[in-house]
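Hi,

Here is the structure I promised to pass on to you. Have a look at it first, and then read on for my notes.

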Number of protein chains: 2
Amino acid sequence: MSTLTVPAQVPSAAEDCEQLRKAFSELTNDFERAVKLWTLDPAERDAFLANEATKKWTSSNQVLVEIACARSPQELLLARQAYHARFKKSLEEDVAHHTTGDFRKLLVPLVSSYRYDGDEVNMTLAKTEAKILHENILKKAYSHEDLIRILATRSKAQINATLNRYKNEFGQDINKDLKADPKDEFLAILRATVKCLTCPEKYFGKVLRLAINKRGTDEEGLTRVVVTRAEVDMQVIKEVFYKRNTVPLDHAIAKDTRGDYEKMLLALTGHRDA
Amino acid sequence: MSTLTVPAQVPSAAEDCEQLRKAFSELTNDFERAVKLWTLDPAERDAFLANEATKKWTSSNQVLVEIACARSPQELLLARQAYHARFKKSLEEDVAHHTTGDFRKLLVPLVSSYRYDGDEVNMTLAKTEAKILHENILKKAYSHEDLIRILATRSKAQINATLNRYKNEFGQDINKDLKADPKDEFLAILRATVKCLTCPEKYFGKVLRLAINKRGTDEEGLTRVVVTRAEVDMQVIKEVFYKRNTVPLDHAIAKDTRGDYEKMLLALTGHRDA
């Protein structure tokens, strides 16, 4: 699903150097950030993004959910190891220290999780836990320990089975039920958790849509999603994006960005002329 | 600190086989369990013990605390990986599922932790967090989220600094203050947590003392400590044991056990004639 393409004529190392030198002398902030993030390996990049998120954490910040839930369990573990090496602390220690209340109750177990990664599913458990989720949502007990336990410890395959059961039994998507108050930021982060666990492409497609449609463009979100998903599932994200917005992602990016920053994002999303 | 010794004349493989065959035909339950645990590698053994502990979990069960806190962060991680491979589930998932209330609030973050393993210590933080611990203990808020957060996420070096500060500032060991009600099992598990994090040899010395002094001997505890610490810190545990009980550990073991089980425990504790 990688979207990077290699030019027909591969440039020499000397040409690469010269192009890089030129590019660096004209780095803008957005381009600089994109280059910096792109040069890190995925685990180091996640450690960097997670640390940044804990330091300037706000309740609308969903980066930690992305790192905890949209990566594989093994990738999250590598990010935690990279966090130790770079910051001489643990990720969960910083998350716990910088968050409070319901957000802490959810985020600390999410970033500490090391989920089982297999496909095995227990249908009896799915039934029981769909009921537990529904009962708590009915009572608006959104931060109930059992609700958080299920989302933070079960394997993605098991959670998917539980949420399918939820839909069959209770008539609609759990995320519809988690939209009782669209302005509630804890509910928003719960919905992000569910989406990152079960349909990350849709989640990232939406983050891109919101980042681009925002007045002034949210370059931070745009860069983050493009850089972190380029070598993962960008092809699917592009399809989801087009289906939802009737505009190809590269057109939308080209319209809202410019210069080297634009070129880099287009290259990472697999735009042919980049 | 290993306590295993190699015989002066190493037996041939054939002699070993014959001895093993004989031994297996006379396995007693205790000996069988000791052999079984000893044949597993440390991570698999911890996964096995942890699974056993979740399945028959009682509030007096401290095995999960030992695995979460007396191992290195890397060893705990390996145990969690072994748990996936063996049980097709995650350790934290089973712990969360089988525990309730304050015990769940403490045990899930403990077994999910991946602490920073370095020696760096932040003295300002030690001062702040010693105060947080003391305030919560004064209020008998033993399961307060900040108290658990500190014990479950900080590095062992940092926790040690915090508890030293606690002692200097508030006049006595935190574990004295955590003994307000000696019969409270949650307090007992908090004390075990503190000891496993800061002085595991003392903790295991005490488990051995209680296992041996119990009417009828607690073979499960005795076997577990001997097998899991044989290649780690048994030498220090023996010194601690002797200092506290004025009886050498091997004498105490020989007095309370017999047959192959006795011989195996003595061999693992480094008894010369074993």
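This is a predicted model: local features need pLDDT of at least 70, side-chain atom pairs count only at pLDDT 80 or more; totals for chains, interfaces and linings use all residues.

Let me begin with a histidine: H134(A) sits in helix α8 of chain A. Its relative accessibility is 17%, so H134(A) counts as buried, the cut-off being under 20%. Setting aside residues up to four places away in sequence, H134(A) touches Y166(A), F170(A) and D177(A).

Helix α8 of chain A, residues 123–138, also holds M123(A). With a relative accessible area of 52%, M123(A) is exposed.

Chain A has an average pLDDT of 93, and 96% of its residues score at least 70. For the complex, the predictor gives an ipTM of 0.83 and a pTM of 0.87.

Now to the two chains together. How is chain A superposed on chain B? A rotation of 180° with 0.0 Å of shift along its axis does it, with an RMSD of 0.0 Å. That is the relation of a two-fold axis. The C-alpha in chain A nearest the axis belongs to S112(A), 2.8 Å from it. The copies meet through the same surface, because 100% of the interface residues of chain A are interface residues in chain B as well.

Is R104(B) buried or exposed? It is buried, with a relative accessible area of 10%. Leaving out neighbours within four places in sequence, R104(B) is in contact with E145(A), D146(A) and R149(A) from chain A, and with A96(B), T99(B) and P109(B) from chain B.

Two helix pairs in chain B are next. The axes of α3 (residues 42–55) and α6 (residues 91–98) of chain B come within 9 Å and cross at roughly 20°. Angles under 35 degrees count as roughly parallel, so α3(B) is roughly parallel to α6(B). On the α3(B) side the contact is made by A50(B), N51(B) and T54(B), and on the α6(B) side by L91(B), D94(B), V95(B) and H98(B). The crossing of α3(B) past α6(B) is left-handed.

In the second pair, α10 (residues 156–170) and α12 (residues 185–198) of chain B pack at an angle of about 115°, their axes 9 Å apart. This crossing of α10(B) and α12(B) is left-handed. Here K156(B), I159(B), N160(B) and L163(B) of α10(B) meet V194(B), L197(B) and T198(B) of α12(B).

Finally, a backbone detail. K88(A) has a positive phi of about 55° although it is not a glycine. K88(A) lies in the loop between α5 (73–87) and α6 (91–98) of chain A, and its relative accessible area of 43% makes it partly exposed. In chain B, K88(B) likewise has a positive phi of about 55° without being a glycine. K88(B) is found in the loop between α5 (73–87) and α6 of chain B, and at 41% relative accessibility K88(B) counts as partly exposed.

Best wishes

Definitions and conventions: Residues are numbered from 1 along each chain as its sequence is written. Chains are lettered from A and ligands numbered from 1 in the order in which they are written. Side-chain values use heavy atoms; hydrogens and water are left out. Copies are superposed by least squares on the C-alpha atoms of residues with pLDDT of at least 70 in both. Contact means heavy atoms within 4.5 Å. Helices (H or I, at least four residues) and strands (E, at least two) are DSSP runs, numbered from the N terminus. Buried means under 20% relative accessible area, exposed over 50%, partly exposed in between (1.4 Å probe, protein chains only). pLDDT is the predictor's confidence in each residue, from 0 to 100. Axes are lines fitted to C-alpha atoms, for helices over the stretch in contact, and angles run from 0 to 180 degrees between N-to-C directions. Angles under 35 degrees count as roughly parallel, over 145 as roughly antiparallel, 65 to 115 as roughly perpendicular and the rest as oblique. A crossing is left-handed if the near helix is turned anticlockwise from the far one by less than a right angle, and right-handed if clockwise.
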